[in-house]
Amino acid sequence: MALKSLFKKALRQFYDPSAAALKAFVRVGDRSDIKGASIQIRDQSRKEVRLEVGTDSILNGSYVFERGSGTIRIGNRVFIGGSTFICVDAIEIGDDVMISWGCTIVDNNSHSLVSADRQNDVLDWKKGLDENKTGFYKDWKNVASKPVIIRDKAWIGFNAIILKGVTIGQGAVIAAGSVVTKDIPDFAVAGGNPARIIKYTT
């Protein structure tokens with residue numbers, strides 16, 4: 001088996017959502033399939049549901065909970081390809097949503113905009129790595145965050161990026177490769193960087 005395959009297999013085993021260590025944090029509805037998902041909960045001190053999935057959904061991709069709070073709630077009949085979710089606050093996805101591969105949905109800025117506030121970010125991250133506690137020492141107090149909401153029947157094209165505080169309206173379509181920095185109304189078709197409304201659909 002190639003080294004890359006072995007590495008991927010090891011990662012999947014470590015973050016296997018069916019693993020006993022993660023069961024307290026994940027709730028999955030009937031007939032949903034999350035075998036393709038990898039879940040990282042950096043701070044597991046609070047035993048509460050962090051990822052909640054409705055019924056008849058298919059999840060792939062990575063779901064990263066950066067600190068001891070934050071939830072991702074996913075509705076019914078949702079498909080998510082190989083995309084990445086970075087959560088410290090809240091990400092909510094409605095029913096009948098499709099999210100393609102390569103998308104990134106993030107509800108925070110990752111770092112402070114003030115250079116002095118992020119001066120120790122690398123050292124804190126390295127300390128966590130050295131102690132096998134990835135992200136444990138990250139200081140989030142000066143990092144802005146705001147929930148992301150993707151409403152029912154929306155469709156997110158591949159490689160789209162959706163940033164903190166954005167609401168994607170019901171039935172809206174986000175074109176492939178778009179960077180969404182502001183709310184998109186119901187049934188709008190939006191694309192570009194930053195994403196702008198192209199037209200409306202039904």
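The side chains of arginine 42 and glutamate 66 meet in a salt bridge, with 2.8 Å from N to O, where a salt bridge is a side-chain nitrogen of Lys or Arg within 4 Å of a carboxyl oxygen of Asp or Glu. This pair links distant parts of the chain, since arginine 42 lies in the loop between β2 and β3 and glutamate 66 in the loop between β4 and β5, 24 residues apart. The model is a predicted one, in which local features need pLDDT of at least 70 and side-chain atom pairs count only at pLDDT 80 or more, while totals for chains, interfaces and linings use all residues. Residues are numbered from 1 along each chain as its sequence is written, and side-chain values use heavy atoms, with hydrogens and water left out.

**Salt bridges**

- Both arginine 42 and glutamate 66 are buried, a word that stands for under 20% relative accessible area, with exposed over 50% and partly exposed in between (1.4 Å probe, protein chains only).
- Arginine 31 forms a salt bridge with aspartate 56, the closest N and O atoms being 2.7 Å apart.
- Arginine 31 is exposed at 62% relative accessible area, whereas aspartate 56 is partly exposed at 32%.
- Arg27, Glu52 and Arg73 are linked in a network of salt bridges, and the count of salt bridges comes to eleven.

**Strands and sheet**

- Strands (E, at least two residues) and helices (H or I, at least four) are DSSP runs, numbered from the N terminus.
- Six strands form an open sheet with parallel pairing, in the order β1-β3-β5-β8-β11-β14, and two strands pair if DSSP finds at least two bridges between them.
- The edge strands, each of which pairs on one side only, are β1 (26–28) and β14 (167–168).
- Three bridges join β8 and β11 in the parallel sense, and the bridge partner of glutamate 92 in β11 is isoleucine 149.

**Nonpolar core**

- The largest nonpolar core has 39 residues, of which Tyr63, Ile93, Ile99, Ile150 and Ile168 touch the most other members.
- Such a core is a set of buried Ala, Val, Leu, Ile, Met, Phe, Trp, Tyr and Cys residues joined through side-chain atoms within 4.5 Å.
- Strand β2 gives the most to this core, with four residues.
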